[in-house]
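Here's a quick walk through a model with two chains in contact. Have a look at it first, and then we'll take it piece by piece.

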Amino acid sequence: MMEYLPKREIDRHGLLAHLFPKPDDYLLLAGLAGAAKDAAAWTKETDNLLTLGGAMGGAISMGLGMALAAPGRKVAVITGDGELLMNAGALATVASAAPQNLTIVCIDNGEHGETGGQPGHTSKRTKLATLAAGAGIASVMTVSKPDELPAARDFLADAICPKFLWVRVMAGPPADYKRNWDLIDCRLRFRRANVAAN
Amino acid sequence: MKAISPRAAWSRLIFDKLIHAGVTLFPYIPDFGNDDLVKLAETDNRSRAILLSSEAEGIALCAGADLVGGRGVLLMQSSGVGNCPNMLSLIQGGRFPMLMIVTMRGDYGEQNPWQYPMGRAVIPILEAMGVQCILVERENELEQSVDAALSAAFIAERGVALILTQKFLGAKAF
């Protein structure tokens with residue numbers, strides 16, 4: 001019998017490095033908790049990355065603002081399933097605005113890892129790829145097994161924007177990485193590196 | 001012949017000042033009071049109107065634009081202020097510039113009782129989250145108030161709400 005939801009067989013460790021061979025090509029925005037830790041550990045907090053430590057539900061919208069204000073740059077939002085679902089209407093906003101430079105990657109571990117691993121909707125009935133496609137996102141892909149990752153990398157390189165990649169990862173802790181929590185400092189550092197470059 | 005909206009003249013004044021200040025992104029939730037302003041942003045080739053699902057998105061969107069040197073303004077009705085506090089922690093915590101233009105319901109002459117609870121809570125909520133409120137009650141206050149809001153947002157880099165009251169807008173009749 002087919003499972004209702006795709007299994008979660010992908011290891012989140014090393015995932016982003018595999019999906020994005022050239023992180024410097026992107027402006028990167030990571031939603032709070034696990035996604036932020038993975039993104040920070042992957043890039044060693046490059047100047048092209050801003051990670052959120054709060055403002056849950058804001059990652060996609062913040063990435064959309066970056067994409068609309070810097071149409072000449074590629075923007076990628078890396079976020080988790082809980083963060084995304086707190087403001088799922090943002091997917092409709094992205095679809096209507098249709099930025100030609102915005103990529104969204106959802107690292108779905110099916111649980112609220114930061115608060116103790118409580119199960120989330122994507123461990124029950126919710127299909128984020130269906131949600132994104134229903135919102136009207138141009139390109140949507142789901143990956144749940146390690147051998148699908150090369151196709152996911154090609155999708156991120158080639159598919160029409162805005163695009164949404166739903167990655168079903170195994171439960172367990174994200175990267176162990178101590179991030180800069182000073183948002184004033186993070187904003188100024190990001191702007192110094194990226195404002196003049198537009 | 002299509003009647004000219006009573007909001008057309010002051011909407012044009014606000015729009016021109018925003019454009020002059022370098023604002024290009026106009027995320028919005030539609031309201032009776034901001035309808036003309038949104039139409040200007042949709043039709044002018046220097047600006048872009050972006051329909052949101054929730055006001056909170058507009059705060060994050062403007063902060064994202066700031067990260068790459070862009071400027072935005074969030075256009076919304078007062079009832080949507082209740083959707084914003086958590087996202088405003090981004091503005092206060094990161095000292096992002098943030099300009100909101102809030103068209104009021106539930107403050108002066110309102111007939112719909114559903115509008116009063118949020119109407120009365122607008123200023124306490126915004127102030128609790130560190131957003132300065134600049135109220136416009138009369139037409140002759142508008143120009144200076146817009147300038148003050150632009151200075152607070154984009155020069156001082158703070159959160160500020162330009163609040164267009166029902167004394168200024170006129171209350172919607174049912």
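This is a predicted model: local features need pLDDT of at least 70, side-chain atom pairs count only at pLDDT 80 or more; totals for chains, interfaces and linings use all residues.

Two strands count as paired when DSSP finds at least two bridges between them.

Six strands make up an open sheet in chain A, running in the order E2-E1-E3-E4-E8-E7 with parallel pairing. At the edges sit strand E2 (49-51) and strand E7 (139-143) of chain A, each of which pairs on one side only. Ignore direction, and neighbouring strands of this sheet are turned by 15° against each other on average.

Strand E1 of chain A, residues 26-30, pairs with E2(A) in the parallel sense, over three bridges.

**Where the chains meet**

The contact between the chains draws 32 residues from chain A and 28 residues from chain B. On the chain B side, the elements giving two or more residues are strand E2 (48-51), helix H3 (55-67) and helix H4 (85-94) of chain B. Which of them gives the largest share? That's H3(B), with nine residues.

Here's how the chain B side splits by class:

| Class on the side of chain B that touches chain A | Residues |
|---|---|
| Nonpolar | 15 residues |
| Polar | 10 residues |

**Two helices in chain B**

Two packed helices are described by the angle between their axes and the distance between the axes. For H3(B) and H4(B), the axes come within 8 Å and cross at roughly 20°. Angles under 35 degrees count as roughly parallel, so H3(B) is roughly parallel to H4(B). Their crossing is left-handed.

Who does the touching? From H3(B) come Ala56(B), Ile59(B), Ala60(B) and Ala63(B), while H4(B) brings Met87(B), Leu88(B), Leu90(B) and Ile91(B).

Val68(B) lies in the loop between H3 and strand E3 (74-77) of chain B. Is Val68(B) buried or exposed? Val68(B) is buried, because 23 other C-beta atoms lie within 10 Å, and the cut-off for buried is 20 or more. For a sense of scale, Val68(B) and Ile14(B) are 54 residues apart along the chain, and their C-alpha atoms are separated by 24 Å.

Note on methods:
Residues are numbered from 1 along each chain as its sequence is written. Chains are lettered from A and ligands numbered from 1 in the order in which they are written. Two residues are in contact if their C-beta atoms, placed from the backbone, lie within 7 Å. Helices (H or I, at least four residues) and strands (E, at least two) are DSSP runs, numbered from the N terminus. Ala, Val, Leu, Ile, Met, Phe, Trp, Tyr, Cys and Pro count as nonpolar, Asp, Glu, Lys and Arg as charged, and the others, Gly among them, as polar. Axes are lines fitted to C-alpha atoms, for helices over the stretch in contact, and angles run from 0 to 180 degrees between N-to-C directions. Angles under 35 degrees count as roughly parallel, over 145 as roughly antiparallel, 65 to 115 as roughly perpendicular and the rest as oblique. A crossing is left-handed if the near helix is turned anticlockwise from the far one by less than a right angle, and right-handed if clockwise. A residue is buried if 20 or more other C-beta atoms lie within 10 Å of its own, exposed if 12 or fewer, and partly exposed in between; C-beta atoms are placed from the backbone.
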